Amino acid sequence: MDLKFSPEELQFQLEVRRFLQENLPQNVVDAAQRGSSVFIEKDIALEWQAILVKKGWAVPGWPVEHGGNDWTPSQKYLFSLECYRAGAPMLIPLGLMMLAPVIMAFGTEKQKAKYLPKILSGEHYWCQGYSEPGSGSDLASLSLKAESDGEDYILNGSKIWTTHAHFADHIFCLVRTHNGEKPQQGISFLLIDMSTPGVEVKPIITMAGDHETNQVFFDNVRVPKANRIGEENKGWTYAKYLLEFERGGGFSANRIRQEINHVKKIASRLESENASFDRSGDIERRIARIEIDLKSLEITELRILSALADGGAPGAESSILKLNTTRLEQAVNELAMEMVGYEALAMDATEDGSSYRKDYASSITPRYLNNRAASIFGGSQEVQRNIIAKMVLGL
Ligand SMILES: Cc1cc2nc3c(=O)[nH]c(=O)nc-3n(C[C@H](O)[C@H](O)[C@H](O)COP(=O)(O)OP(=O)(O)OC[C@H]3O[C@@H](n4cnc5c(N)ncnc54)[C@H](O)[C@@H]3O)c2cc1C
């Protein structure tokens, strides 16, 4: 792949930059800056999504027939670069980047017509019902039971760690429709309206103090078989396809580059304020190390994007992205925590209402705590290594 941009591509970059200058609202940038959670607040995300939809730039990765763009990999890269530079948040990927490719690849024409426009417009807000109390890394052991009853299934069981289930009006779920010889056999993939009687959402508050995740209970929930994606008992195939999009296919290197730039700004400020922090050169060395690793992550992302442009799925290589994105993001979080030292303590205000914490330190601790989960969700680091060993290296 040629990594130099053509004059047309550089022109496109300027067009994107101008669009962002004129259309990216400041409240959206501020929310992205203060946010510590995996996903930005729902209302802010949908506000930004609506602006991009109006411009026709919300889903560059989708085929044109469904509202995507016929951009080259370089254009997609430049678009993402400019968005992160301008401080725009990532759109919430659950419907747009994870479920939609599955519906496009395996859904019926009726399902495509029903769901894709509503995912794009934001009318449907989705959550992911994969994990269960006894099934996380060993996802295929899942046991939420879906019993056949005429044209419907009756569901009993629960899903756990369901991000944004308290905001979602729909959930895509893996359910057990058959106990086959292998646990992977007998799983089906269902699309469920959260307002169906018998669905109950209970919050789980994380150590960062955020309400992001939930446990979702299903008590005799009736779901039409017409809401099943693909064949009964073949859901494992569709589930794995979705995970490839969850773990890869984006441009995380650009996002992390903005975060490391932020850390550099804090370092300059500490320097100018003559604050006490480690000046031994260790910080510079660690920043340089992260920047070198970021370059290699970026090249891998471009390689995968190039494959996607030819109509492929991200493949097992997406595990390389998930592994390295997480490692680098957590390295940036740790560096920021160490740099600001005791300023990172989670104390926002004294009794008289004045703040102990410097403004630049306010999001560092919440981000550090929240991002500990990145090495667990979407499949833990150990699980990604197992996939790379088996599927990429053939060990
Ligand atoms: C913040 C957050 C948000 C989440 N959001 C969602 C969501 O929206 N939807 C959803 O379905 N799920 C979600 N999850 C669940 C997530 O996918 C699971 O937590 C994850 O797959 C790990 O499963 P587990 O928690 O059961 O841990 P376990 O599978 O019990 O793992 C425990 C430890 O054992 C290690 N381990 C397990 N098996 C192996 C192995 N074969 N080889 C080596 N090491 C192994 C793991 O790496 C881990 O360190 C979320 C989790 C978190 C923390």
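Tutor: A polar contact is a pair of N or O atoms within 3.5 Å. With that cut-off in mind, we may read the ligand site of this predicted model.

Student: Which part of Gln128 faces a nitrogen atom of the ligand, and at what distance?

Tutor: A polar backbone atom of Gln128 lies 2.8 Å from a nitrogen atom of the ligand. Ser131 also uses its backbone: one of its polar backbone atoms is 2.7 Å from an oxygen atom of the ligand.

Student: Which atom of Thr163 takes part, side-chain or backbone?

Tutor: For Thr163 it is a polar side-chain atom, placed 2.7 Å from a nitrogen atom of the ligand.

Student: How many residues are around the ligand, and which come nearest?

Tutor: There are 16 residues around the ligand, and those that come nearest are Ser131, Ser137, Thr163, Ser380 and Glu382.

Student: Which residues make the contact of helix 5 with helix 6?

Tutor: Helix 5 contributes Gly95, Leu96, Leu99, Ala100, Ile103 and Met104, while helix 6 contributes Gln111, Lys112, Tyr115, Leu116, Ile119 and Leu120. By class, this contact of helix 5 with helix 6 has 9 nonpolar, 2 polar and 1 charged residues.

Student: What is the angle between helix 1 and helix 3, and how far apart are their axes?

Tutor: Helix 1 (residues 7–23) packs on helix 3 (residues 42–55) at an angle of about 135°, with the axes 12 Å apart. Helix 1 and helix 3 are therefore oblique to each other. The crossing of helix 1 with helix 3 is right-handed.

Student: Which residues of helix 1 and helix 3 make the contact?

Tutor: From helix 1 come Glu15, Phe19, Leu20 and Asn23, and from helix 3 come Trp48, Ile51, Leu52 and Lys55. The residues of this contact of helix 1 with helix 3 divide into 5 nonpolar, 1 polar and 2 charged.

Note on methods. Residues are numbered from 1 along each chain as its sequence is written. This is a predicted model: local features need pLDDT of at least 70, side-chain atom pairs count only at pLDDT 80 or more; totals for chains, interfaces and linings use all residues. Side-chain values use heavy atoms; hydrogens and water are left out. Axes are lines fitted to C-alpha atoms, for helices over the stretch in contact, and angles run from 0 to 180 degrees between N-to-C directions. Helices (H or I, at least four residues) and strands (E, at least two) are DSSP runs, numbered from the N terminus. Angles under 35 degrees count as roughly parallel, over 145 as roughly antiparallel, 65 to 115 as roughly perpendicular and the rest as oblique. A crossing is left-handed if the near helix is turned anticlockwise from the far one by less than a right angle, and right-handed if clockwise. Contact means heavy atoms within 4.5 Å. Ala, Val, Leu, Ile, Met, Phe, Trp, Tyr, Cys and Pro count as nonpolar, Asp, Glu, Lys and Arg as charged, and the others, Gly among them, as polar. A residue is near a molecule or strand if one of its heavy atoms lies within 4 Å of it. A polar contact is a pair of N or O atoms within 3.5 Å; within protein, one must be able to donate a hydrogen and the other to accept it, and residues adjacent in sequence count only if both atoms are side-chain atoms.
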